Structures are given as structure tokens and as C-alpha cells.
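Please look over the model below before reading my points.

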Amino acid sequence: MPTKSPHDPRPLLEALRSGTPLPDFAPEVVERARGLATEPASAPPADVEALPEPLAAALLEGAVLAGSPTLAEALAGSSHKALAKVAKKALYRLRSRGVEVSEPARPVAAAPARPVVSGPEALPALLTSIDGTGERVLEIPRALRGGGLEAIQVLYSDERGVERIQVVELSRGEYRRVVKQATSPGPDAAVELPHAEALERLAAAAGLNLRTRTAFPEGLDTVLRHLGVQPRDVPLEIPPPEPEDERLAMAEGHKLHDEPEIRGWLPPAAELEKLAFKVDELEASPLALTPAQRNEEIIQAAHAQARAFFTPPEPRRLYASRLWEMALHFERIGKELPARVARAEARQLAQGPTEPPSRFAERLYEKALLVTMAERVAPSTRDKVEARARARAEQQAQAAAPEAERRSPGGIILP
């Protein structure tokens with residue numbers, strides 16, 4: 001008897017409901033599907049249609065098991081032929097069980113965000129990784145009448161939302177060259193995004209502007225209107241820890257700081273100042289200690305400050321969300337182990353203070369301590385390191401660009 005594929009609707013439905021990891025699908029997509037799997041009979045058809053076909057089929061299976069034809073009736077008219085076929089089979093099964101089914105099938109409601117790039121080739125959007133201040137760049141191509149396109153470049157923060165917008169007109173060939181350059185291997189490499197995901201990210205970033213009452217930058221209203229995007233407040237939800245998370249985070253969490261994409265991360269500027277004050281205080285102490293004892297005392301002070309900073313829920317939530325996003329970035333550039341470690345550390349941080357303390361957090365402050373100690377030799381050192389953490393390779397890119405241009409990680413031009 002043949003074994004069932006893990007992509008068969010019934011096993012997938014059970015995995016969604018039980019929280020079993022589904023590494024074959026993007027994590028944010030799985031999380032959306034899990035939310036719909038609790039009551040698939042009442043799931044919005046447009047939301048189900050937007051999922052990968054195996055996950056949509058699993059939700060249809062849940063609706064059939066609940067004896068409800070509503071979802072299948074709607075999706076039987078889907079423009080996705082494979083999904084429409086699955087929905088029609090679901091209606092047949094329901095009819096066979098004596099469930100009354102409406103005919104003809106109702107068409108599915110239009111998804112709120114549709115790809116806007118038209119033409120012979122759909123061009124991808126681009127997304128950089130997150131820098132140490134929570135900023136990143138999203139670039140979305142938009143087709144223009146008569147050929148060519150607009151490259152809409154959005155700098156946004158995970159604390160404030162959209163901060164800057166720039167729109168550049170390019171030919172399709174020029175945009176392909178931008179994509180090739182931005183995704184070239186390296187610590188500042190951007191990743192390609194499906195157009196629908198790029199629009200969702202823009203909607204969430206603009207929604208954060210509204211939540212934090214951060215004024216829209218000039219041009220954002222126009223961009224949202226042209227792309228058909230409505231701001232939506234959708235805070236990132238991180239699932240509870242998994243059995244191996246504690247072991248993995250303790251053994252490997254500090255090593256995330258060795259990754260080029262995270263090497264520039266530092267605590268906030270206020271924390272750097274607080275640490276510098278503490279180092280001054282300890283070095284002025286009258287206690288007779290050997291240099292090794294004094295260094296150990298300073299390191300312990302840095303670790304204590306790390307624990308204090310990560311005790312309140314807001315800093316934990318912020319860094320957990322950054323690590324969760326970095327895990328997705330690592331997955332997309334083929335770094336499997338850093339992705340697993342980042343997810344484990346994110347889930348650990350999100351649940352609350354841990355014992356023993358987070359080695360990721362301690363290493364963050366050890367790096368800050370190195371900056372603080374280096375400043376005693378060269379007062380400008382800390383400023384330079386903080387600048388690198390805010391815009392990693394910006395200076396190198398500017399050297400090759402016209403004076404009026406500012407470039408983000410990946411070579412994307414910013415105002």
C-alpha cells in the first residue's frame with residue numbers, strides 16, 4: 001500500500017492544526033494557513049486562494065470534513081485551474097454525502113493586493129536584510145504605459161514604518177541589471193520577492209506609520225494609490241518555542257554575530273552610552289584588582305546590562321522579530337544553520353527572559369564593550385561602528401555613485 005505524501009491534504013491539515021513544522025513552505029505563509037485551519041469552513045476564499053495550492057487543498061479538506069460547501073463553492077470558480085479542480089472534487093464528495101451544494105459555483109472574491117507588473121515577464125521585487133537599527137530597503141517595480149517601469153524604492157523601519165520613498169524610471173533591461181547587482185553574493189545581498197509579498201510588506205510598513213503616528217514621507221500616498229495598497233496593521237506573530245530551541249540557542253546563538261549580515265548589529269545608542277559610563281566607573285574603582293580580574297568584572301557588567309535590557313517585553317519582541325525576519329533572509333540565501341538558529345533564538349526571546357541568559361544577547365553587549373574600549377584609544381571609533389551598523393556598505397557604494405545619490409545595501413539608490 002503506498003504511503004501518503006506529506007503534501008496530501010489530510011496530513012497537511014493535521015500538521016497545520018498541530019503546529020508541526022512545514023519546512024517546504026515559507027514560514028509566514030504557514031502561519032497564515034495555521035490561522036485559517038482552525039475554522040476552514042469560514043475561511044475567506046480570497047485568503048485561501050492566495051496560499052500555495054497544497055495548503056489551500058488542506059483547508060478545503062477541513063471544510064469537507066466539517067460538512068460545509070461554502071469554501072469549495074467559492075473556489076470552484078477560481079482562476080487557478082489546479083485549485084478549482086480540487087474545489088470541484090470537494091463539492092462532489094459533499095454531494096455524495098448528501099450535503100446540498102449550490103450550482104453554479106460562485107467566483108472567488110478578488111484578492112486585495114494583485115501583481116501590477118504586466119508584460120512578457122513578471123519582474124521580481126527586492127528586499128535587503130535588516131541592519132542593526134531595524135531598517136531595510138524594499139524595491140518594487142511598477143509597469144508604465146508605453147513600456148518601461150518605475151522602480152519604487154522604500155526605506156522602512158521595524159519601529160516607525162516607511163521613512164523614505166524614491167521613484168526611479170528604468171527600462172526593463174536596466175531593472176534586470178539592478179536585480180543582478182543587488183542579489184550578487186555578499187553580506188549586503190538583497191533577495192528577490194514575489195510581487196504579492198512585496199505589496200503585503202509595504203502595506204504592513206505603512207500600517208506601522210499609522211500605529212506609531214509617524215508621518216508619511218513625501219510620495220508615499222501616491223505610491224500606495226498607484227500600487228492599490230491599503231495600510232494594514234499586521235504585527236508579526238512568533239510561535240512558541242520548540243523542543244530543541246533552548247539547546248540550539250545556547251550552543252549556537254552567539255555565533256549569529258559572526259554572520260556578515262548581523263556582524264554590524266549593536267545595542268541602541270543609549271545602551272552604548274550607559275555601558276561606557278559603567279566601564280568608566282569600574283576602571284575608577286579603588287579596588288586592587290589584577291588586569292585579568294578587572295576585565296572579568298567589566299565583562300560581567302556588560303552581561304548584566306544585557307540581561308536588564310532584554311528583561312522588558314518590548315526589547316525582546318523587537319529583537320525577536322528582527323531575528324525571525326533574518327531567519328527568512330538566511331533561508332532565501334541558502335544559509336540553513338543560521339536560519340534555524342535565528343528562529344530558535346527568536347522563539348526563545350519572544351517567550352520571555354530565559355535562564356540561563358541568552359548568549360545571543362550577551363554577545364551583542366560583548367560587541368558593544370569592544371566598541372566602548374576601542375573608543376578610549378580612538379574617540380571616533382564608536383561613531384564609525386554605529387554608522388556601519390546603520391547602513392553597512394553605504395560608504396563604499398557612494399564612492400562609485402554620483403554625489404547626489406545615496407545607496408542602500410545591495411546598491412539600491414536612496415534619496
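The numbered points below go from the overall make-up to single contacts.

1. Basis. This is a predicted model, in which local features need pLDDT of at least 70, side-chain atom pairs count only at pLDDT 80 or more, and totals for chains, interfaces and linings use all residues. Residues are numbered from 1 along each chain as its sequence is written, and side-chain values use heavy atoms, with hydrogens and water left out.

2. Overall make-up. The protein has 17 helices and seven strands. Both are DSSP runs numbered from the N terminus: helices are H or I with at least four residues, strands are E with at least two. Of its 415 residues, 47% count as buried. Here buried means under 20% relative accessible area, exposed means over 50%, and partly exposed lies in between (1.4 Å probe, protein chains only). The exposed surface comes to about 20900 Å², with carbon and sulfur atoms supplying 55% of it. Those areas come from the Shrake-Rupley method with a 1.4 Å probe; for residues, only the protein chains shown count as cover.

3. Contact range. Take contacts between residues at least 6 apart in sequence: 65% of them join residues at least 24 apart. A contact means heavy atoms within 4.5 Å.

4. Largest core. The largest nonpolar core holds 34 residues. Such a core is a set of buried Ala, Val, Leu, Ile, Met, Phe, Trp, Tyr and Cys residues joined through side-chain atoms within 4.5 Å. Leu256, Ile262, Trp265, Phe310, Tyr319, Leu323 and Tyr365 touch the most other members. Two or more residues each come from α11 (269-283), α12 (291-309), α13 (313-332), α14 (336-351) and α15 (359-375). Helix α13 gives the most, with seven residues. In soluble globular proteins, nonpolar side chains tend to be buried together.

5. Tyr319 and the second core. What does Tyr319 touch, not counting residues up to four places away in sequence? The partners are Trp265, Leu266, Pro267, Pro268, Phe309, Phe310, Leu349, Phe360 and Leu364. A second, separate core has 31 residues, including Leu12, Leu22, Ala58 and Ala87.

6. Strand β2. Eight of the nine residues of β2 (residues 135-143) are buried, so this strand is largely enclosed by the rest of the structure. Strand β1 (residues 125-127) runs antiparallel to β2 and is joined to it by two bridges. Leu126 has Glu139 as its bridge partner in β2. Two strands count as paired if DSSP finds at least two bridges between them.

7. The β2-β3 hairpin. Strand β3 (residues 149-157) pairs with β2 in the antiparallel sense over nine bridges. Ile140 stands opposite Ile152 in β3. Five residues separate β2 and β3 in this hairpin, and Gly146 in the turn has a positive phi of about 85°.

8. Backbone check at Arg213. Phi of Arg213 is near 60°, a positive value in a residue other than glycine. Most residues other than glycine have a negative phi, and most peptide bonds are trans. Arg213 is found in the loop between α8 (195-212) and α9 (220-227). It counts as exposed because its relative accessibility is 80%.

9. Val86. This residue lies in helix α6 (residues 81-96). Val86 is partly exposed, at 25% relative accessibility. Val86 and Ala57 are 29 residues apart in sequence, yet 6.6 Å apart in space, C-alpha to C-alpha. Leaving aside neighbours within four places in sequence, Val86 is in contact with Glu53, Ala57 and Leu60.

10. Salt bridges. The count is 30, where a salt bridge is a side-chain nitrogen of Lys or Arg within 4 Å of a carboxyl oxygen of Asp or Glu. In one of them, the closest N and O atoms of Glu159 and Arg322 are 3.3 Å apart. Glu159 lies in the loop between β3 and β4 (161-170) and Arg322 in helix α13, so the pair ties together parts that are 163 residues apart in sequence. Glu159 is partly exposed at 38% relative accessibility; Arg322 is buried at 3%.

11. Further pairs. Glu163 and Arg160 meet in a salt bridge at 2.5 Å, N to O. Arg343 and Glu331 form another, at 3.2 Å. Arg343 lies in helix α14 and Glu331 in helix α13, so this pair ties together parts twelve residues apart in sequence. Arg343 is buried at 9% relative accessible area, while Glu331 is partly exposed at 39%. Shared partners also join Glu28, Arg136, Glu197, Arg201, Glu325 and Arg332 into one salt-bridge network.
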